[in-house]
Structures are given as C-alpha cells and as structure tokens.
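Keep the sequence and the model open side by side. The paragraphs below move from the whole chain to single residues.

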Amino acid sequence: RDRQFRDGAALIARVRDARAEIRSDALAWAAERTGDGRIAVSVVSGGRADVLLTRSLVIATGAFERPLPIPGWTLPGVMTTGAAQTLARSYGVAPGNRVLIAGNGPLNLQVAAELMRGGVTIAAVAEAAPSPFRRPRAGLRLAAAHPGLAAAGLAALARLRLAGVPVHFGHVPTQLDGRGRVERATLVRLRPDGSIDVDRRITYDVDAVALGYGFAPANDL
C-alpha cells in the first residue's frame, strides 16, 4: 500500500463521515433536466432501477489513456502504461518478462519502478520530453508547483538508474516488430524542433511494450 492507496482510503473515510450515500456497482446511464430545473439521473444499482433528483451533477468517469499509433502497436504484448499497472497492482500479473516503457509523463517512470520491484526486467524507458536536468529552470518550476510529484519522479528515476535501466530522454518508438507478438522495439531520437532523427536508432528485444502519452477526459454520460 503506497501513498496513493493511503490517500484514497482517507478520502473514502471522509465521505462516509460526511454521511454521503455511497452506491457501489451502480450504473448511471442517463441524465436530463426536469421542468423545475433539477436533474433526473437514471441509475441501475443492485438489480433495481431508480431515478435520483438533484440540483447539480458531477461526472467523474475517469480518463482515456492515449497510446501511440505506430507500426506494430496492435501486436499482442503491446498495451498502455495504465494497463500494465492495472495488471500488476490489481491482479499480480506481470505484463511480460522484458518490458519497454515509452511515452510522456511521470506515470511511465512510476510504473517502470513498480514493475522492476515486482521482478520484471525493464529493457528501457523512453521519455519523449527532453531531460529535466538540461532544462533546470523548467525543472525548478515543476518542483515549486508540485514538490511531491517532483520528488516521486526523481526517486523513481534514481531507482531505475541504480538498477542499470537505460532511460532515454527525447526518444520515441517508431516501430514494433514480432511474429505473433511483440519481440522488438525501435526507438529514435527527437531533435529540439520535434522532428525525428532517423540516423539515431536504438533497438531492444522485448516481450511487452507499454505506451503512455497522457490522458483525455472521459466525461460522457
């Protein structure tokens, strides 16, 4: 149980202390305005259909993780970073024995460190952004805006470095190959203007690839 689990448990306890009703295994499938300006929310819960009337409605249905559509991204063994984390955290299943993680954002470093602690070999981590150590002003702004997130990122990066995991800043995958499932991943360097340096390629043998390039909100009802 890491800090995220503890923070989540504390939030649940606060909601219960506020005497808010919590309906688990519930599906809110429609919402519409009533004649008096309220919102009628159609809910199915515990095998019973119900309509809840409210003055306001907050929709928090999570987010869609964005992969990177490249040749080979539909091969078995290729998944999003969040999917790899769910396999490990919720089911105790490793996404593979030798995994490459590529994308943009702190989740990729976090998941790489988590999988490594679980015994998975991390072939490499490819981060599309340039190294924060080469942009100290931007790094300091991040640290000032969210010290906890910056510290967690540095800790994950340090664990990967100490374990000898290659971390390639300013790199993206351009090709995933394999027969029947992913077996190789090719990375290329990004130039400062965002274009691809095709002469700077790195290839890794893998049996799983996790791609994570941020999130798009899932705010539909």
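What follows treats the overall chain, then its salt bridges, then one set of paired strands and a loop.

This is a predicted model, in which local features need pLDDT of at least 70, side-chain atom pairs count only at pLDDT 80 or more, and totals for chains, interfaces and linings use all residues. Residues are numbered from 1 along each chain as its sequence is written, and side-chain values use heavy atoms, with hydrogens and water left out.

Start with the whole chain. The protein chain holds 5 helices and 13 strands. Both are DSSP runs numbered from the N terminus: helices are H or I runs of at least four residues, strands are E runs of at least two. Along the principal axes, the C-alpha atoms fill a box of roughly 65 × 45 × 35 Å. The chain has 221 residues, and 32% of them count as buried. Buried means under 20% relative accessible area, exposed means over 50%, and partly exposed lies in between (1.4 Å probe, protein chains only).

Next come contacts and surface. A contact means heavy atoms within 4.5 Å. Among contacts with a separation of 6 or more, 56% join residues 24 or more positions apart. The accessible surface comes to about 13900 Å², and carbon and sulfur atoms own 55% of that. These areas come from the Shrake-Rupley method with a 1.4 Å probe; for residues, only the protein chains shown count as cover.

Now the charges. The chain carries 28 positive and 19 negative charges, and their mean positions are 6 Å apart. Lys and Arg count as positive, Asp and Glu as negative; His and the chain ends are not counted. Each charge is placed at NZ of Lys, CZ of Arg, CG of Asp or CD of Glu.

How many salt bridges does a search of the whole structure find? The search gives 9. The criterion is a side-chain nitrogen of Lys or Arg within 4 Å of a carboxyl oxygen of Asp or Glu.

Look at Arg3 and Asp7. Their closest N and O atoms are 3.6 Å apart, and they form a salt bridge. Both sit in helix H1 (residues 3-17), and because they are 4 residues apart there, about one helical turn separates them. Arg3 is exposed at 58% relative accessible area. Asp7 is partly exposed at 40%.

Arg38 and Asp36 form another salt bridge, with closest N and O atoms 2.9 Å apart. Arg38 is partly exposed, at 27% relative accessible area. Asp36 is partly exposed as well, at 43%. Elsewhere, salt bridges link Glu21, Arg23, Arg48 and Asp50 in a network.

The side chain of Asp197 meets that of Arg189 in a salt bridge of 3.0 Å, N to O. Arg189 is partly exposed, with a relative accessible area of 24%.

Turn to strand E10 (residues 184-190). Of its 7 residues, 5 are buried, so E10 is largely enclosed by the rest of the structure. Strands count as paired if DSSP finds at least two bridges between them. Strand E9 (residues 171-177) runs antiparallel to E10, joined by 6 bridges. Val172 has Val188 as its bridge partner, and Pro173 has Leu187. In a regular strand, side chains alternate between the two faces of the sheet.

E10 also pairs with strand E11 (residues 196-205), again in the antiparallel sense, over 7 bridges. Here Thr186 stands opposite Thr203.

The E9 and E10 hairpin has 6 residues between its strands, and Gly180 in the turn has a positive phi of about 85°. The E10 and E11 hairpin has 5 residues between its strands, and Gly194 in that turn has a positive phi of about 95°.

Finish at Arg181, in the loop between E9 and E10. Arg181 is partly exposed, with a relative accessible area of 34%. Which residues does Arg181 touch, not counting those up to four places away in sequence? They are Leu75, Pro76, Gly77 and Asp207. Ala208 lies 27 residues from Arg181 along the chain, and their C-alpha atoms are separated by 8.4 Å.
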